[in-house]
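Here are my notes on the model you sent over, as numbered points. Have the structure open while you read.

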Amino acid sequence: MRYAETGFNLEIDLTRRSIERVATDPVDTELYLGGLGTSAKILWDRVPPEVEPFSPENLLIFSTGLLCGTPAPGCNRTIVSTISPQTRLMAFSMMGGFWAPELKHAGYDKVILRGRSPGLVYLWINNDKVEIRDAAHLKGKGAIETEELIRRELNEPKAQVAAIGLAGENRVYFASIEQGRSSASRGGIGAVMGDKGVKAIAVRGKGDINMARPEEFMELCNGVLKYIKLREDNPIPGVMPILAGLGSPQEMKVHDEKWHTENFMWGNSRTRRKDFWNEEIEKNWRATLENARIRLISCYNCPMKCAATLSVPGFPTYMMKCFSKLTYTMAAYSDLDFGLKIAQMATDYGVDAFSTPQVMAFALELLEAGILTGKDFPDIPADSEGRFFWLLDRIVRREGIGDVLANGTYWAARQIGNGAEEFAHNNIKKHEQLPLKLSMLNPIYFLMYATGEKINITQIEGQFPQAPFLTMEEREEFVKDWVQVPDEKFKQYLLDWEPRGEKSMPFYPTVEMCCDIVDWQERMHYIDDALGMCSGLSSFPLKPPYHIHNYPKFISSGAGIEMDEARLTQAAKRYRTLVRAINISRGMRRADEKPPENHWKKRFPELEKELLDTYYKFKGWNDDGIPTKESLHELGLDYVSEEFLRRGILSDSDNGSAEGTSVTRQETKVEDPHHEG
Amino acid sequence: MKVEKRKKTIKTIRIDVDKCIGCMACEVICSAFHATPKYSSNNPARSRIRVIRDPIADIFVPVYAGEYAVAECAGRDKYTIDGKEYDECAFCRASCPSRDLFKEPDSGLPLKCDMCESDPPQEKPLCVQWCLNEALIYEVREEEAEEDGKIEDLETGLESLANKYGLNKIMDIVTRMSVSKKG
């Protein structure tokens, strides 16, 4: 008997219209856990680097995590993996909500899509019965609207539906997959779904999920709930309110946006408005949010209320969470009322709320700079808000300039040329980043930005305070009940960390300490992504209820897999390395591993080099960021090094020197943009 | 006959639909608690509490499984409360042919909330324990019951029935009812 997981994947070939229920190997669960881990293994095995993102051979995998659907609070994430049309690397975007537990109850751990449907279809997974259904009547419909239409059509109010909007259908490189209050937005996975001709996947499940050692598992769950309550009642003192509690940043609850509006950048990640926030704005924005907000809501089996249902006059009701609240507002130099309105349309069109506003602000900058002209923007309104609505519409329909912009700032700039590249300034690995420009290099963040495989800072940061506490009393207070640390040394790092002087940034934490800290932060995200746990209760906030000490117990009592901290760490390292291996086989190298040039004003090139050198070594990668034969062997990934040798990515004589690998880099680097339209 | 006022204990769950965030934790823990062995599996489809949930319409109603109904009721009205339209079923506790709530998914047998009766007893039903947002509040209160008075009423009623149908017929029916209850 399989515990926590079902032991079956659903394999759907859209070209042949075949549907298979395939048993999975329990050994893979032990090695790669589930979720991101086992999906990475499938992508490595079945999608070689020659496969284009928009190819029937590319896979689109919807996965539950190992513990999704069990009573573990907050374990509800759907992990979607594929090859991204934008970064041309592996994308593994995720969403909370209700879809993954429903799929487990229907009897499957993953839905693996391959091929391409000639006409638009949707999938209806109703326990044992799985159908590919015609979706011609849903063409062009909004994502949220589609969910409702499908539930009504099936007469299944309890069906959970993940859908794409117009942007996904038109293969916009930053199209999302929407699911009620949640969306998997990063990396353009919605475009791959559109390319496959799949409008939506509806799921209904009524089967049991079994626990290996029930009493023990429940005791752990109750412990988590108790700790959540304790943390709710005792916010962490001395840090910004947004970092003091659990969950994802409570943007639907808070009204004080001084920190975001004065520290994050406006426009195309350009302008910092240090004196923006005042009482009048606070009053107006508070009224806007309070009038729009109907209710704070949660994901499946989670007591947090990170999202809200919103209703803005003239627009259909929708759901939102986190920083989408302000990305459109700030890109357009507008107000919250505009932000909430355009976000409704953007959600229904199904686009990423990080990339989309920046793409639009980028287009308007190019117009202002004369690189694009009025001819590219026929009949565009004069006001900023009107221009954003106009652009959003053109982008999701791929009309006129929208067709170019729909590929994101990196590819659009190359296509436009004439100096446009300078304006696509906020990317890492071709992917738009948080609009943040700071003064002095932060060595921990440098490593996270450079090496984060998800190419999204929020999906690698967490656990360790972002800045030192001013006084020793505060530090001692903080470390007193810091049970989450994997090793006592982290407490010392924090105790010794000063805001100024010898033990301050960028030289303290030292390079070695930075490696430890980043490795810990990253490890927790990777464990979450395999188990299906929301990072809001685990890897993202300070002092979360889930950590390296209780996770092994959850896995062994829930899934019945013998687990301890060392084995869990090793497993996370294994599939983390596999994700890197996929990206390395697709040409990613050290030269790609860098934050935006202007992310910090004050840079330290020598220190940055040392950080990357040391971190690569620490991770078992050579100087070009390629996992070495020895480290792959240690992780049981000899099949990866064999492939690397066959492809000339590693050589038998490879000793990890920079000279040896730079040749490899030139040979394998994929640089050509690939536009299929 | 002397009428005596007696106390009885009423266990209820107060449901505050305004506080429900729609997480369905109540369904998860209910189904886990009632699994055999306890907590060995979970499955909201087996839960004795279900959340009628339509976020876009802002409808979040936790409803508990009550009595089994052989047939669905005739008129199912719609209620509009604060501008929101609810089906009468949203407040109905019956395990009934009109919907798939409160039935074992495999056998179709009806389910009923038992307030997590167990040995040793739970401090509160599990759904209440897991509802950190306090949409579900467990309440125990004492009510005065005029049971003796009711028995007097019963006697009067039976006498009139016996006059109409004859005592033997009444006794036959009572015997048949008690057998079927046991069976």
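Notes on chains A and B

1. Going along the sequence, chain B reads β-α-β-β-β-β-β-α-β-α-α. In total, chain B has four helices and seven strands; helices (H or I, at least four residues) and strands (E, at least two) are DSSP runs, numbered from the N terminus. On conventions: this is a predicted model, where local features need pLDDT of at least 70 and side-chain atom pairs count only at pLDDT 80 or more, while totals for chains, interfaces and linings use all residues. Residues are numbered from 1 along each chain as its sequence is written, chains are lettered from A and ligands numbered from 1 in the order in which they are written, and side-chain values use heavy atoms, with hydrogens and water left out.

2. How spread out is chain B? Its radius of gyration is 21 Å, well over the 16 Å from the globule rule for 183 residues, so chain B is more spread out than a compact globule. (The radius is taken over C-alpha atoms, and the rule is 2.2 Å times the number of residues to the power 0.38.) The C-alpha trace of chain B spans about 60 × 40 × 40 Å along its principal axes.

3. Of the 183 residues in chain B, 37% are buried, meaning under 20% relative accessible area (1.4 Å probe, protein chains only). Chain B has an accessible surface of about 11300 Å², with 52% of that belonging to carbon and sulfur atoms; the areas come from the Shrake-Rupley method with a 1.4 Å probe.

4. Over in chain A, there's an open sheet of three strands, ordered S14-S15-S16, with antiparallel pairing. Two strands pair if DSSP finds at least two bridges between them. The edge strands are S14 (293-297) and S16 (318-321) of chain A, each pairing on one side only. From one strand to the next, the twist averages 30 degrees.

5. Four bridges join S14(A) to S15 (residues 307-310) of chain A, and A:Arg295 stands opposite A:Thr309 in S15(A). Helix H10 (residues 279-292) of chain A packs on the sheet, touching S14 and S15 of chain A, where contact means heavy atoms within 4.5 Å. The direction of H10 makes about 75 degrees with that of S14(A); axes are lines fitted to C-alpha atoms, for helices over the stretch in contact, and angles run from 0 to 180 degrees between N-to-C directions.

6. Last, a helix pair: the axes of H22 (residues 565-585) and H25 (residues 638-646) of chain A come within 11 Å and cross at roughly 10 degrees. H22(A) and H25(A) are therefore roughly parallel to each other, the cut-off being under 35 degrees. Among the residues that meet are A:Leu578 and A:Ile584 in H22(A), with A:Tyr639 and A:Phe644 in H25(A).

Definitions and conventions: Buried means under 20% relative accessible area, exposed over 50%, partly exposed in between (1.4 Å probe, protein chains only). Angles under 35 degrees count as roughly parallel, over 145 as roughly antiparallel, 65 to 115 as roughly perpendicular and the rest as oblique.
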